[in-house]
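Here are my notes for a colleague who is new to this entry. Please read them with the model open beside you.

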Amino acid sequence: MTDITRWTAAETAEAIAAGKVTAVEVAQAHLDRIAAVDEKVHAFLHVDREGALAQARAVDEKRARGEKLGPLAGVPLALKDVFTTQGVPTTAGSKILEGWVPPYDATLTKRLKDADVVILGKTNMDEFAMGSSTENSAYGPTGNPWDLTRIPGGSGGGSAAALAAYEAPLAIGTDTGGSIRQPGAVTGTVGVKPTYGAVSRYGLIAFSSSLDQGGPCARTVLDAALLHEVIAGHDPLDSTSVDAPVPPVVEAARNGDVRGMRIGVVKEFGGEGYQAGVMQRFTESVELLRELGAEVVEVSCPSFTYALPAYYLIAPSECSSNLARFDAMRYGLRTGDDGTRSAEEVTALTREAGFGPEVKRRIMLGTYALSSGYYDAYYGSAQKVRTLITRDFEKAFEQVDVLISPTTPTTAFPIGERADDPMAMYLADLCTIPSNLAGNAAMSVPCGLAPEDNLPVGLQIIAPAMADDRLYRVGAAVEAAFTEKWGHPLLEEAPAL
Amino acid sequence: MPGITREEVAHLARLSRLELKSEELDHFAEQLNDIVDAVARVSEIAADDVPPTSHPLPLTNVMRADVVRPSLTPEQALSGAPAAEEQRFRVPQILGED
């Protein structure tokens, strides 16, 4: 029998529906794989063995009763530990939530369960999704399956590593400034940030509410599309949820054809600070798209060079407000309550003990940017830059159907290299941040290995809001052409664990 | 732009309800200075005639019908509380003794 853990999600669902394998066998194969390799990778913070097998049994019973199965029924998934799961621990990578068991499911969790997706467990992440390396997790770093001494990206490094290590064929991430796309790029997997508001934020532990967006992670473009269709759609429990039909992403992923499409190369992404091998693979991708029949032109988005500074004012400002809920009173950690201290003192002691350095930095930075006397110069100016970036996108999308760029300026860097250098860490999100500020849709798809270090490079595709299907159309075309050229999917070049 | 001093970090920490240790104050002062220096560039292009964007969606208040729905039980709502008593969150002293 072939190795089940190497199957795509689409193949797995088909095999279960056809009775070639049971959902329990599929779940067990992945739990065995996790048991064998996760000590090295550390993609998971919590493996829900019992829950996964129970979900799988329910799928097998459904099939035995002759009920119709959904397109992902029985397919295992790794869930970023930032979505609440009723009865299953949820930490957001923070000590302040250690041991917390949510009393309710996030809408996304509920949709996965309703679609009979088998949730294997919760994946490691930078604390409260703040970071680009997963080193800010309070529970230790995750290794990149391509080279365990390197970062798997972040904040959703656990989800991306679980895919690349064949611990799960599907995963969920959240993308506030690149936390789905950047881990996808550096692990040779596919990551999609849907249009802002496309996937419900109800039960997603908030970092920066006007930027946070849940989305699918997978090893193939089609698998990401199948998952996208399951998790997207209007939710009355999220007042920022978009009440519009989900774009036809699966159809687009099955029809990767870029003939006649106009594709724009963002002039501002490239040059100094970009690794040579990353630019080489990007240039090859541009050539490939031309060969496939797309018209590729250069477009200029001059405000994009201000996106990173604007983001590091807006995101910390929103986080300083959002994380005020961790007050040691209603849930989570409480320390220093010895009967002599006031509630305010206990709150401050608990937050000091429960938050890591990056979270503290961002809370204080946001508090600073919002304080009177500085508000106009910092937060106010950043909001104006947000307008200018949105206008740049609007102008660009008058000329082209999608934009492309490298997903990240460099390949995966060594664990520890940027850990105490916030500005160096922030540069990892240079190309991904503009889409969060504007709220449009973007994907990272593998486009080769950088020759100098043999590590994966991602191609970023950006589409206008609610035109997510274009990502899948272009992504599927690129994936098919590269797979043919290489003779196999990129991940097959990853060393055995 | 004036730099962020150790005293200013201590003030920000108080506002943020973070009981920082003494050695953290110097470290954060240095790092916050670096970050603020880098992000202050936003004012270069933030002209007076550019309107601010606070959110990607042009949403006004979204209301639901005012009807009774199922919700968490008191036991569920208190299940994560560090301390609870008589169906309430038990918290340290909030007001002064006298």
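1. Start at A:V118. Leaving aside neighbours within four places in sequence, A:V118 is in contact with A:A23, A:A27, A:A52, A:Q55, A:A56, A:G74, A:V75, A:P76 and A:L77. Contact here means that the C-beta atoms of two residues, placed from the backbone, lie within 7 Å.

2. A word on the source. This is a predicted model, in which local features need pLDDT of at least 70 and side-chain atom pairs count only at pLDDT 80 or more, while totals for chains, interfaces and linings use all residues. Residues are numbered from 1 along each chain as its sequence is written, with chains lettered from A and ligands numbered from 1 in the order in which they are written.

3. The core. A:V118 is among the residues with the most contacts inside the largest nonpolar core, together with A:L77, A:A225, A:A310, A:L313 and A:I461. That core has 181 residues. A nonpolar core is a set of buried Ala, Val, Leu, Ile, Met, Phe, Trp, Tyr and Cys residues joined through C-beta atoms within 7 Å. Buried means 20 or more other C-beta atoms within 10 Å of a residue's own, exposed means 12 or fewer, and partly exposed lies in between; these C-beta atoms are placed from the backbone.

4. The sheet. Eleven strands of chain A form an open, mixed sheet in the order 1-3-2-4-6-5-10-11-9-7-8. Neighbouring strands are turned by 30 degrees against each other on average, direction ignored. Helix 3 (49-64) of chain A packs on this sheet and touches strand 1, strand 2 (76-80) and strand 3 (118-123) of chain A. The direction of helix 3 makes about 160 degrees with that of strand 3 of chain A. Axes are lines fitted to C-alpha atoms, for helices over the stretch in contact, and angles run from 0 to 180 degrees between N-to-C directions. Helices (H or I, at least four residues) and strands (E, at least two) are DSSP runs numbered from the N terminus. Strands pair if DSSP finds at least two bridges between them.

5. One pair in detail. Strand 5 (190-193) and strand 6 (214-218) of chain A pair in the antiparallel sense over two bridges. A:V190 has A:A218 of strand 6 as its bridge partner.

6. The chain contact. 44 residues of chain B are in contact with 55 residues of chain A. On the chain B side, helix 1 (6-15), helix 2 (22-39) and helix 3 (74-77) of chain B each give two or more residues. Helix 2 of chain B gives the largest share, seven residues.

7. Helix 12 of chain A. Eleven of the 14 residues of helix 12 of chain A are buried. They include A:I363, A:M364 and A:L365, but also A:E358, A:K360 and A:R362. The buried residues pack against helix 10 (307-322) and helix 13 (376-399) of chain A, and against helix 1 and helix 2 of chain B.

8. Backbone points to check. The peptide bond from A:G154 to A:S155 is cis, with omega near 10 degrees. A:S155 lies in the loop between strand 3 and helix 5 (157-164) of chain A. Phi is positive at A:A328, near 70 degrees, and at A:N454, near 55 degrees. Are these two buried or partly exposed? A:A328 is buried, with 26 other C-beta atoms within 10 Å. A:N454 is partly exposed, with 14.
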